[in-house]
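This briefing goes through one protein chain by topic. Please keep the sequence and the 3D view at hand while reading.

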Amino acid sequence: MSRSILASVGLLAFVSASVATAQDAPAAAPAPQQAAADPAVPAPAGDQSGGLVVDVTGGISAPMPIAIPVMPTSAVVSTPAGSTDVLGRQLADIVTNDLRNSGLFTPLSAGQLRPITFPEVTAPGFDYWGSTGAQALVQGFIRANGDGNLTVGCYLYDVSSKAELTRTGFVVPPSDWRRAGHKCADMVYTRLTGEGAYFDSRVVYVSETGPKGHRIKRLAIMDQDGANHRFLTNGQSIVLTPRFAPNQQSIVYMSYLNNRPAIYVYDIGSGKQRLVVANANLTFAPRFSPDGRNILFSMAQAGNTDVYRVSSQGGTPQRLTNSPGIDTGGSYSPDGSKIVFESDRSGGQQIYVMNADGSNQQRISFGGGRYATPVWSPRGDLIAFTKLGGGFRIGIMSPSGGGEKLLTNDWQDEGPSWSPNGRVINFYRSGRGSGGKADLWSVDLTGVNERKIPTPLDGSDPAWGPLRP
């Protein structure tokens with residue numbers, strides 16, 4: 001296993017004299033937690049019961065004030081990622097930006113954030129932070145280890161009750177220091193909201209450049225906040241609809257390689273790609289099953305388009321739908337028992353649900369207009385879709401078709417993809433006219449917290465991956 005987030009180590013064993021002196025360890029620390037026997041398993045954190053919480057619905061209109069000062073270091077040391085004092089500032093920035101972007105928190109401004117010392121990490125100045133109006137306080141530190149790795153600690157406090165709510169720590173190689181910041185933000189977010197984590201995750205998408213009639217489209221991958229961006233393909237062939245495998249080691253997508261649209265799997269580690277279905281027919285809209293063993297896709301054959309399933313290793317496809325017209329856009333429920341897809345069998349694009357073997361196909365969308373690109377939430381409670389009619393908008397509904405709600409209201413929003421915790425949706429927005437750009441955006445389930453995601457070039461077809469291991 002990679003050492004990129006090796007272990008959560010409770011209060012961290014460096015308070016022991018064997019690895020740190022009294023001068024470089026945080027003072028006034030609670031009793032250390034035992035690290036897990038398996039270094040890949042997180043150790044227990046502090047008491048997480050009761051105390052400060054954020055209302056994930058009402059919190060958007062009244063986000064919680066939170067203080068996130070620069071994370072100090074026990075000694076300024078140069079590392080391949082930069083000096084530890086600079087990294088301490090950047091780690092605080094990552095936590096700040098993640099929590100602000102959630103729409104549920106208002107981080108204090110730089111002018112309200114006084115520097116803290118290393119011993120103060122576990123002995124906060126609650127009186128000062130209370131005077132700033134902060135309700136929650138995040139303090140942490142970074143230290144360079146003798147083996148070349150970095151130790152990052154993160155603590156969450158309730159300012160009013162002057163109590164620690166939870167804590168965590170990570171040992172990471174310098175190349176993965178940003179992940180420790182995202183993990184810290186995830187700890188704060190989950191403790192205060194009760195929602196699942198989602199900051200330590202990645203997005204794969206189609207990077208675009210050139211005029212609308214002649215776009216160069218490349219696979220690209222990045223962290224959910226736009227950092228660590230890199231291109232995976234060179235743009236010599238058009239690529240569309242990339243989707244992560246559950247283990248995040250590969251990506252399935254459609255490519256016009258050799259001017260023939262077909263489905264390929266790209267191995268992220270090796271950079272190699274392989275053809276999934278060797279067939280002369282048009283194949284498109286691929287997506288992995290939750291266990292990674294199968295790939296759903298659509299295939300046009302003899303004037304009809306249906307949803308098929310094939311082993312992720314290739315083989316003979318199995319047809320799951322067989323109705324006149326176009327059936328496409330399959331997405332599994334989280335438990336793999338059902339599939340949501342779109343079909344125009346009723347005369348216009350609508351959303352249908354069927355069992356994983358293709359049986360019991362039932363229409364669930366009955367609102368005005370047309371529906372496309374349905375995708376099941378990782379929580380299983382909602383289905384996101386593109387609503388067509390007077391523009392393209394992102395919406396959600398229950399798996400039974402009830403509770404329809406539109407989250408965006410722009411000219412052309414499409415291609416929803418869920419965050420790992422099922423609370424935020426990525427999509428892409430196209431501008432009007434021949435020169436209109438396509439950009440990546442996100443919106444949460446309230447429809448209020450909408451933001452643009454930074455990319456070097458235009459972007460489309462985003463797919464949000466699971467939490468990283």
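The model is predicted, so local features need pLDDT of at least 70 and side-chain atom pairs count only at pLDDT 80 or more, while totals for chains, interfaces and linings use all residues. Residues are numbered from 1 along each chain as its sequence is written, and side-chain values use heavy atoms, with hydrogens and water left out.

**Confidence**

- The protein chain averages a pLDDT of 88, and 89% of the residues score at least 70; pLDDT is the predictor's confidence in each residue, from 0 to 100.
- Over residues 1-48 pLDDT stays under 50, and the model has 101 contacts beyond four places in sequence for this stretch (contact means heavy atoms within 4.5 Å).

- An open sheet of five strands runs in the order β4-β1-β5-β6-β7, with mixed pairing; two strands pair if DSSP finds at least two bridges between them.
- Its edge strands, each pairing on one side only, are β4 (105-107) and β7 (163-172).
- Neighbouring strands of this sheet are turned by 25° against each other on average, direction ignored.
- α1 packs on the sheet, where it touches β1 (64-67), β4, β5 (136-144) and β6, and its direction makes about 145° with that of β5.
- Angles run from 0 to 180 degrees between N-to-C directions, and axes are lines fitted to C-alpha atoms, for helices over the stretch in contact.
- Helix α3 (residues 177-193) lies across β1, β4, β5, β6 and β7, at about 155° to β7.
- Helices (H or I, at least four residues) and strands (E, at least two) are DSSP runs, numbered from the N terminus.
- Nine bridges pair strand β6 (residues 150-158) with β7 in the antiparallel sense, and Tyr-155 stands opposite Arg-167 in β7.

- Strands β16 (residues 294-301) and β17 (residues 304-311) run antiparallel and are joined by eight bridges; Ile-295 stands opposite Val-310 in β17.

**Cavity**

- The count comes to one cavity of 30 Å³ or more; a cavity is a set of points, on a 1 Å grid over the protein atoms alone, where a 1.4 Å probe fits but cannot get out.
- The largest cavity has a volume of about 100 Å³, a volume being the space filled by probe spheres set on the points, which are joined across faces, edges and corners.
- Its lining has 15 residues, of which Tyr-198, Val-424, Ser-442, Arg-451 and Trp-464 lie nearest the centre; lining residues have an atom within 4 Å of a point.
- α1 (84-101), β28 (424-430) and β29 (438-444) each supply at least two lining residues, and β29 gives the most, with three.
- The lining of the largest cavity divides into six nonpolar, six polar and three charged residues; Ala, Val, Leu, Ile, Met, Phe, Trp, Tyr, Cys and Pro count as nonpolar, Asp, Glu, Lys and Arg as charged, and the others, Gly among them, as polar.

Terms used:
1 Å grid on protein atoms, 1.4 Å probe; cavity = no way out; pocket = protein on both sides within 12 Å on 5 of 7 lines; lining within 4 Å.
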